[in-house]
Amino acid sequence: MYRYDLTDKTLVNERVAQFRDQTRAFLAGELSDDEFRHLRLRNGLYIQRHAPMLRVAIPYGLLSAVQLRTLAHIARRYDRGYGHFTTRQNIQYNWPRLEEVPDILADLAQVEMHAIQTSGNCIRNTTSDHLAGVTPNELEDPRPWCEIIRQWSTFHPEFTYLPRKFKIAVTGAPQDRAASLVHDVGVHIVRGPDGELGFEILAGGGLGRTPIIGQVVREFLPRRHLLSYLEAILRIYNLEGRRDNLTKARIKILVKSLGIEEFRRRVEAEWELIRDGGLVLDEAEIARMRAFFPPPAYRSLPDIDPTPADGGAAFKAWYRYNTVAHKVPGYRAVYISLKKPGVPPGDATDAQLDLLADLADRYSFGEARVTHTQNLLFADVEQEKTFELWQALDAAGLATPNIGTLTDMICCPGLDFCSLANAGSLDVAKLINERFDDYDYLYDLGEVDVKMSGCMNACGHHHVGAIGILGVDKGGQEWYQITIGGAAGADASLGSVIGPSVAKHEVAETIARLLDVYVERRTPEERFLDTVRRLGVKPFKERVYAAPVAA
Amino acid sequence: MPRRLLRNGQIVPDEWLYVAEAQAADAVQAAGAVQAAGAVQAAGAGASPLILGFDQWQAEREQWLANGERRLGVILSPAHKVEQLAPDLARLALVGAEFSGPSEGRGYTQGRLLRERWKFAGELRATGYVHRDQLFFLARCGFNSFELPDGDLEHAYTALSTFSAAYQPSNDAGLPLKLRRRLPDTPASA
């Protein structure tokens, strides 16, 4: 993985010193709440319902064992023993003390981590495919490009005060596991007309109040121009994005109001003027970045099926659902489910993080990854060692065999923590888990993406859930609006609202009724999403509202 | 007391006057004499260099260009396009970008365009809501003078040197116009 050089170290250490001084000035009364707000937000520090919330960047979701141990240490020393992984591959701590945040940042800097630009109206953490470098049909590993973007976007002098936040996702495989179509900019590695690799560039996707699928700005961009093209997009956005209305300030609104053709024309015109300037990436620089992501020292192994011919049902189920194919024979990529029933989705304790660090060292070349679905992943596990690994994970509550199933829910922290939320999402996750606790039924249902947000800001990506759940406030009561038919992948689509929102106690029953329609009407090869797409909302809606739900 | 500002790393008194300030000074000198509209250039306020708003500059441009003596500056509002001022840059000794609030960011682009695209070599001033924590970024966008709140002025030296490295190309003083991903002349650390 990428290792800091002196520039990186210097910048991060100087940032810690700067924030320490800013925090001191605030606590001494030299800075007003409002003045400090602008500063702390640029360090990922929100003031939440109960305490500050600190969001720590995990660049493109990649973590070393040493970093995992530091995340565990921070959870233990400064928080209440856990952290929450987010849909953008970051980790959030919900209980730090403001006066200790500079110390947390200093501890993070020791292991080449930071909270720079994890909030505020700037370019946020660049996210990517959690199977980068190991998935069989990848065109190219996107991580070197993510790191190139990370560096360019860090403390970018021109783009630190944008109209609104700005999120970039990069993928290198046909399957989009980074939700790039609902990012401000999506970068797809593609093959160009002459066979060389470059990028397809999309812009204007996003969720929140106005969900929009991103559109193609440029079908093929030669690789050396990646940064100048991004700079042109950001420049047009910085100058022309709306600043008069916070809810209309994202680039998606600019792209929509100009139309993609006019937006493209402006970007291309700007790019023509800067394309051959100081941002050109020469082959030496690209090679330097690539060298940070070499394939690990794989052993030469045969492909095997490690599951026993009979018995071992629990391991078999886990192996089937929580591991996926690897491009190297004899290896598997292994999901660590953070969706154990009864535990808030995406949460991990300090002890679990420490254990995962040890297991990463033992089984996966000392690295782990965060997925945008709020799980973790060991990318490079020998197939013959998956049983040992499963035993260790299972003992720690990290082997719930539910990846891709209904209970592998994406979920924001909701009303329990977030000051923006209208409704609790964690409670609802718990109710869903209690209702759907029969694994045979879950496996029969197959892939059902459930995504839940506690408010319009859509941190839980509800618009792109096959089943989306949105917490709404009606007269001080928590209600839930249900959508179906959303998807976040390469075939991204926005879900449709099925009808009036439902009360908390009705959510699980509503989902059950949706699933009943699916089970009755599906064709053998159809996922829930496919059936919804084929039939439309109507039959689902009719079933849900046909009879009241018992209180 | 004259306004003080940070220019080229020094806290200095500002010799420039905004039009309203010049008019006020003239009004005092003239002890109530009526000012003719648009006749600021005829007025004295010493020979102080004068800063106009972009709209006034546009309206009175011909008169100002005909009067070749006085040093002139123009302030751009966030929504103004730098290109509109481009034909006049040779005549201007100062261009300012106004920051209307803590979240206003268009001036950063205006600064870079003035320096990099239009090769403006005069004083590039940040005015309005400008605080110390913006200085590093502003300087890297080409600004070399800053109207800061008095409390911030004393801290301004340190704010400019908060960070000693950067990832982006920039044309701020002393930095070469090329990618600076590594500190010069220092080996990557172990």
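Biologist: In what sense do strand S8 (residues 185–191) and strand S9 (residues 197–203) of chain A pair, and over how many bridges?

Modeller: Two strands count as paired if DSSP finds at least two bridges between them. Strands are DSSP runs (E, at least two residues), numbered from the N terminus. Here S8 and S9 of chain A pair in the antiparallel sense, over 7 bridges. Take Val190(A): its bridge partner in S9(A) is Gly198(A). Keep in mind that this is a predicted model, where local features need pLDDT of at least 70, side-chain atom pairs count only at pLDDT 80 or more, and totals for chains, interfaces and linings use all residues. Residues are numbered from 1 along each chain as its sequence is written, while chains are lettered from A and ligands numbered from 1 in the order in which they are written.

Biologist: Which sheet do S8 and S9 sit in?

Modeller: Read the strand order across the open sheet: S6-S7-S8-S9-S10 in chain A, 5 strands with mixed pairing. Strand S6 (127–128) and strand S10 (215–222) are its edges, each pairing on one side only.

Biologist: What about the sheet with S4 and S5?

Modeller: That open sheet also has 5 strands, ordered S1-S2-S5-S4-S13 in chain A, and its pairing is antiparallel. Strand S1 (45–47) and strand S13 (347–349) each have a single partner strand, so one side of each lacks a neighbour in the sheet. Inside it, 2 bridges join S4 (residues 82–85) to S5 (residues 91–93), and Phe85(A) has Ile91(A) as its bridge partner in S5(A).

Biologist: Zooming out, how far apart do the C-alpha centres of domain 1 and domain 4 of chain A lie?

Modeller: They are 33 Å apart. Domain 1 covers 6–110 and domain 4 covers 410–546, with bounds from an automatic or database domain assignment.

Technical notes. Helix = DSSP H or I, 4+ residues; strand = E, 2+ residues; numbered from the N terminus.
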